[in-house]
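Dear colleague,

Please find the structure below, followed by notes on what turned up in it. I would be glad if you could read them alongside the coordinates.

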Amino acid sequence: MPQLLKAAAAIPDLSRGLISRSGGLKTAIMKGWRVLQREGLAGFRVRFNSFHQQCVDYQDWIREYDTPTREQRVLLRQRAGEFPDQPLISVVMPTYNTEVRWLVAAIESVRTQLYQNWELCIADDASTDPRVRRILECFAREEPRIKLEFRVRNGHISAASNSALRLASGDYVTFLDHDDVLAEHALFWVVDAINRYPDAQLIYSDEDKLDMDGRRVDPYFKCDWNEDLFYSHNMLCHLSVYKSRLIQAVGGLREGLEGAQDYDLALRSIERISARQIVHIPRVLYHWRIHRGSTACGASAKAYALKAGERAINEHLQRTGSSGVVEPLPDVRMYRVRYPLPAAEPKVSLIIPSRNGLGVLKPCIESIRSKTTYGHYEILIVDNGSDDPDTLQYLESLKPDERVRILRDDRPFNFSALVNAAVAFASGTVIGLVNNDVEVISPDWLSELVSHALRPEVGAVGARLWYPNDTLQHAGVLLGIRGVAGHAHKYLPRYQNGYFGRSRLIQSFCAVTGACLVIRKETFRKVGGLNEALPTSFNDVDFCLRVREAGYRNIYTPYAELYHHESATRGHDETAEQRLRFSQESAYVKQLWGHLLANDPAYSPNLTLEHENFGLAWPPRLQLQTAS
C-alpha cells in the first residue's frame, strides 16, 4: 500500500485530452501498476508521463486552441484595421517545378490572410513544367498584390529568392517556401508584434509540419531568443520576418550555401542587431510540408544542408571574433560549438558539502581524482559535522593529496551558507559546486564546463546529470514547473534526444542545477553568492536568476556528463518538518521571482507546467484570440 500511495502522488494532473478518451485513465492505471511492480517508482514515472503526453493529441489541441472561429476571425480582422502601424509585408516566394496543388495552397494561404496589407513576390527559377507559369500568371491577373519574375536560367534557391527580394517594396520581408502554408492569422500576429515592439528587426514564430495527408503534425513550440540554442540548430527557421533595411544591409541571401541559406541569412543579420530587437511570437504561424526531398522529411533528404550550416556558423563565429568552432551532429542534423581553453588553465575550486554518507562521497571523490582530464583543480570538502568513523577515516586518508582540503563546518545544515563560507577559502578563479552524490562519466566534464564559464557573457554552467538507471536527472531548469521549477526532460531515457533534440544541445536556461555548477569566482561574488535564506531548496534557482539579472547567460551543456545518485523517489518520504521548510522556501522564491516563474523565456506558454517532458499545455497560457 505505501508504494501504491507513492505512485499515486507521482501521477501528474490529467489533462482534459486524456480524461476525454474512453478507457484512457483505466489503461494508464493498469499499465502503471504493471510497470510499478516490474520497474519501481522511477520506471512508473517515466512510462506514465510518456503515456500522458501521447494521449494529449495535437489534433484535439488544434481544434480547441488554434482554429479561429467565425467570431474570432471577425474580431481579428477588426483589430487588424485598428493597428496604429499597418506596414506593408512582402512575402517572398521562389518557385521551381512545384506540384500544382501545393503551389495553389501556398498562394491561397497568402491571399486569405486576415491582415490584408501584403504583397506576394514570386520569382520562378526557370521551371520546366509549363503548368507552373500558367498558374502564376492566372493568380497575378486576379490579384494585383502578386508580383512575378520569370528567371531565364535556373540559379537555385538563393538566386531565385534574391530575384523575388528585388520585387519587394514592403517595410518587412518574410519568406514562404513554394509548397508550404501560412496560418491565416500569421501576418496579423506579425503586425501585432511590430506594433508592440517597434524596434524589432527580426521576428520569428513557432511552426509545425503538414504530412502527406495535409494533417498538421510535429509542432515546434519554441523558446524566446536563445543564442546558444541557435548555434545548435536553426531555431528561427519558419516563420522569420526581417526589417527590409536589415536584409538590404546584409546583401540578401548568399549563393553557395543552399540548404542553409536561411540559417546563414539569420546569422549575418544578428551580427547587426541586438538581442532585444529579436522578437518571438509563441504561436504556430507556419506549416512546413513533409514530402520526399523536403528538408522537413529528415536528415537524409538534404544531407548537404548540414555541411552548409556548419560553414555558415563557423564563418559567423570568425566574423564576430569568437574562438568557438562548430562541428555537426549528423544523427540529429544539428551542431555543437566547442570553445577552446586557454593555454594556462585557470584553477578550479570544487566545493563539495558533505556529512557522513561515505557510500556516495567516496565514489564522487575517487571518480573526480581518477577520471578528470582537466588538470588544474582543487577539491574543498566541507565536512558538515560528520561523526561516522568510516567517513572520518576516509577524509583523513585524503589529506596527503595536495589537491584535496577538508574544511570542518559544524553549523546546522545550510547548503548556501556552507558554500559561501567555503568560497572564502577557495584559491581558484573558477568555482565549481558539486554534490557529494555525483559521479563522473565523461573525463572531459570539467574542461567542457570551464570552457563555457570563461566566456565573458556566460554566468553559471550546468552539466547533464543521469540517474544510475540511465534516465535523465538534469538537462537545464524550467521555471514554473509545479509552481517554481523542475528539470527539463527529467526521466528521459538515455537513447532519446528530447524535445527537438534539446536534451542533447548546448543552450541557455534561466537556471541550472547546483548539483554540478561551474562559475567564475568574480561573478559568484558579484551577485552575493548563494542566498542563505534558502538553506535547502531552490537556492540554485535563486542564484542563477540573480546571475541572469546581472546580465549573464546561464548555460547547459550535455557534453559534461555525470551520474547523480539522488534517489529517483526523493521527496516522497520527507518528514513534516522538511515538507514545511520546502513549502516556506517555495513561497519565498515565488515572492521574489513570481513574474519570471510564470514566463520562462527558455520555455513556451504552449507547453505544460505540470511535468518536465515538454508535453502540450491544456489549455495553453496564450489563447488564439488574446493579445500577446
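**Rings, charges and cysteines**

Arg-336 lies over the face of Tyr-559, 3.8 Å from the ring centre, where a charge counts as sitting over a ring if NZ of Lys or CZ of Arg is within 6 Å of the ring centre and within 35 degrees of the ring normal. Over the ring of Tyr-339 sits the charged end of Arg-455, at 4.2 Å from the centre.

Please note that this is a predicted model, in which local features need pLDDT of at least 70 and side-chain atom pairs count only at pLDDT 80 or more, while totals for chains, interfaces and linings use all residues. Residues are numbered from 1 along each chain as its sequence is written, and side-chain values use heavy atoms, with hydrogens and water left out.

The structure holds 21 aromatic pairs (rings of Phe, Tyr and Trp, the last by its six-membered ring, with centres within 6.5 Å; planes under 30 degrees apart are stacked, over 60 edge-to-face, the rest tilted). Trp-225 and Phe-230 form a tilted pair, 5.1 Å centre to centre with 50° between the planes, and Phe-230 also forms a tilted pair with Tyr-231, at 6.4 Å and 40°. Tyr-58, Trp-61, Tyr-65, Phe-221 and Trp-618 form one aromatic cluster.

There are zero disulfides (pairs of cysteine sulfur atoms within 2.5 Å). For Cys-544, the closest cysteine sulfur, in Cys-510, is 9.4 Å away, too far for a bond; Cys-544 is buried at 0% relative accessibility.

Best regards

Terms used
Buried means under 20% relative accessible area, exposed over 50%, partly exposed in between (1.4 Å probe, protein chains only).
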